Amino acid sequence: MADSKQLYQEVILDHNRKPRNWGALPGATHKAEGVNPLCGDHIHLSARVNGDVVEAVNFEGESCAICKASASMMTTIVKGKSRADAELMVQEFRDMATGKLDPAGPHHLGRLTVFAGVRDLPTRVKCAILPWHTLHAALNAIETTSTEAEADPMHAPIGGA
Amino acid sequence: MNATNAALRSEGARALDVERLRADFPILGLQVSGHPLVFLDNAASSQMPRPVIDRWVRYQTSQHANIHRAVHYLSETATAEYEAARRTVRAFVNAKEDREIIFTSGTTDAINLVMQGYGRKFIAAGDEIIVTHLEHHSNIVPWQMLCEEKGAKLKVAPINDRGELLLEEYRGLITARTKLVGVTHVSNALGTINPVREMIALAHEHGVPVLVDGAQAAPHMKVDVQALDCDFYAFSGHKMCGPTGVGVLYGKAALLERMQPFKGGGDMIVSVTFEKTTYNVIPHKFEAGTPPIGQAITLGAAIDYLTAVGMDRIAAHETDLLDYATDQVNRLPGVRIIGTAEQKAAVLSFVVDGVHPHDVGTVLNDEGVAIRTGHHCAQPVMQHFKIPATSRASFAFYNTMAEVDALVAGIRKVQKLFG
């Protein structure tokens with residue numbers, strides 16, 4: 001198992017200490033809750049979608065550093081994107097975290113490649129993916145989601161609940 | 001430090017030669033992330049010393065065949081060794097008879113055996129089962145399943161904020177409808193040692209049998225099932241330097257004889273026809289199919305090893321480790337110990353302010369330190385303390401004070417990284 005020094009690099013620690021877009025979003029049009037009861041990550045996502053554009057996404061909750069940093073970076077990168085682009089990034093992030101997408105190849109994840117190392121820490125993959133799973137849930141009017149059991153990203157396709 | 005621990009401490013004159021014992025454990029020489037392994041996850045599973053590994057190898061190289069009633073040499077040898085292991089277990093827990101020792105696949109399997117064999121036969125609608133707030137899921141879920149099936153009620157004996165069982169409240173839960181009590185001897189999440197002898201006595205005043213989950217106790221202290229007077233006692237091989245895949249259910253003979261079988265199949269029968277099948281006597285009634293033969297024999301070797309080290313000396317050294325670790329961790333600002341009972345086994349659960357246990361565990365792993373993080377299959381315990389998870393260091397007799405220092409240094413590194 002790889003060590004975590006690569007994972008806990010400065011940008012992730014920074015987003016953990018000072019998460020961006022923290023709190024409930026006023027005028028939110030879409031909301032979802034993401035919970036991993038097995039590890040205790042619990043986040044609430046609120047988004048404002050105008051037509052086809054994801055104008056803003058906020059989050060809050062209790063979670064480990066990986067989950068919080070992933071959520072924080074997600075809310076900054078998804079802001080202003082179309083729904084289709086946001087959903088594409090959800091898929092690409094999931095694939096990167098599970099080792100199916102090469103961070104050196106073509107993708108739309110930008111600086112999110114800092115999370116590529118999580119593919120070598122199987123027990124932390126769900127922590128990184130939960131915010132993205134929750135965003136997908138919010139955009140598809142699913143109230144509560146998780147990355148456990150049937151929704152385990154290592155087994156289940158991301159479409160649907 | 002209470003009186004029992006102080007008495008154990010005085011055993012220090014014959015203290016363990018821990019370094020010499022560590023040399024018996026090949027895996028303790030491993031390097032992890034460029035550091036020597038510091039294995040502090042013993043409550044989850046323990047390591048196996050060379051003599052016990054060798055016993056398993058000897059079984060497979062010169063003694064293995066399926067057991068019971070074959071007339072060839074290897075089968076007779078394997079049978080003899082398997083039954084010798086049963087006698088070893090009997091002596092280890094001071095059971096009255098060999099037939100009161102049933103080999104299972106582990107503690108969870110043993111508890112499910114009691115649920116199916118005793119619970120499904122004797123518990124009916126309106127009956128009550130008492131467990132405690134400290135239980136591992138394996139001593140909760142089978143009873144929930146039984147209560148749902150039968151329309152029985154599950155009652156929970158509460159704990160205080162030190163993680164101690166409230167004995168008076170427990171006593172108040174026992175009624176004329178109580179049919180079983182399930183209690184853990186030692187809490188895997190907090191290390192609390194429960195007053196099981198008193199709890200059993202109180203239950204017996206009402207004619208209620210008691211099942212004790214001894215998974216975290218049997219490896220770390222002397223267990224005497226006759227002195228406890230428990231009706232059932234369950235524990236696992238892999239938590240006491242033995243292999244995975246084998247555990248023990250002790251049960252009083254009179255009780256086991258009245259119970260219905262758990263699994264049906266070979267060896268648990270006397271005769272089979274499609275008209276009628278008659279069951280075997282105990283313990284065979286509860287050992288259907290080919291048992292974990294090599295594993296049981298290896299468990300016997302593990303018991304021999306632990307007995308040679310001395311359960312009292314093991315308890316004394318682990319008490320020293322716990323005291324030192326508790327003192328050191330208490331000195332760390334921003335770290336809170338969860339589970340501060342008067343009587344504790346060598347388990348230290350803690351939370352680091354502002355840092356999730358998973359992050360604590362991941363950073364510690366980089367220093368070669370293995371702890372467990374999460375809810376430890378004891379979600380009700382976590383709910384009581386209103387936390388999702390803890391970081392847990394759990395000690396065995398082969399851990400050292402220097403390893404405690406490594407744990408503490410690792411926690412300091414966590415705080416520095418996330419500060």
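Hi everyone. In chain B, strand S16 and strand S17, which covers residues 390-394, pair in the antiparallel sense over three bridges. One pair to find on your screen is Arg372(B), whose bridge partner in S17(B) is Arg392(B). Please keep in mind that this is a predicted model.

If sheets are new to you, here is the background: strands of a sheet pair through backbone hydrogen bonds, either parallel or antiparallel.

Now let's zoom out. In what order do the four strands of this open sheet in chain B come? The order is S13-S14-S17-S16, and the pairing is antiparallel. Strand S13 (335-338) and strand S16 (372-374) of chain B have a single partner strand each, so they stand at the edges, with one side left without a neighbour in the sheet. From one strand to the next, the twist averages 30 degrees.

Next, the helices. Helix H12 of chain B, residues 311-330, lies across S13, S14 and S17 of chain B, and runs at about 10 degrees to S14(B). Helix H13 of chain B, residues 357-366, lies across S14, S16 and S17 of chain B, at about 160 degrees to S16(B).

Let's finish with one residue, His68(B). You'll find His68(B) in the loop between helix H3 (50-62) and helix H4 (73-93) of chain B. His68(B) and Asp267(B) are 199 residues apart in sequence, yet 8.1 Å apart in space, C-alpha to C-alpha.

Technical notes: Residues numbered from 1 in each chain as written. Chains lettered and ligands numbered in written order. Predicted model: local features only at pLDDT ≥ 70, side-chain atom pairs only at ≥ 80, totals over all residues. Pairing = 2+ DSSP bridges. Helix = DSSP H or I, 4+ residues; strand = E, 2+ residues; numbered from the N terminus. Axes fitted to C-alpha atoms, helices over the stretch in contact; angles between N-to-C directions. Contact = placed C-beta atoms within 7 Å.
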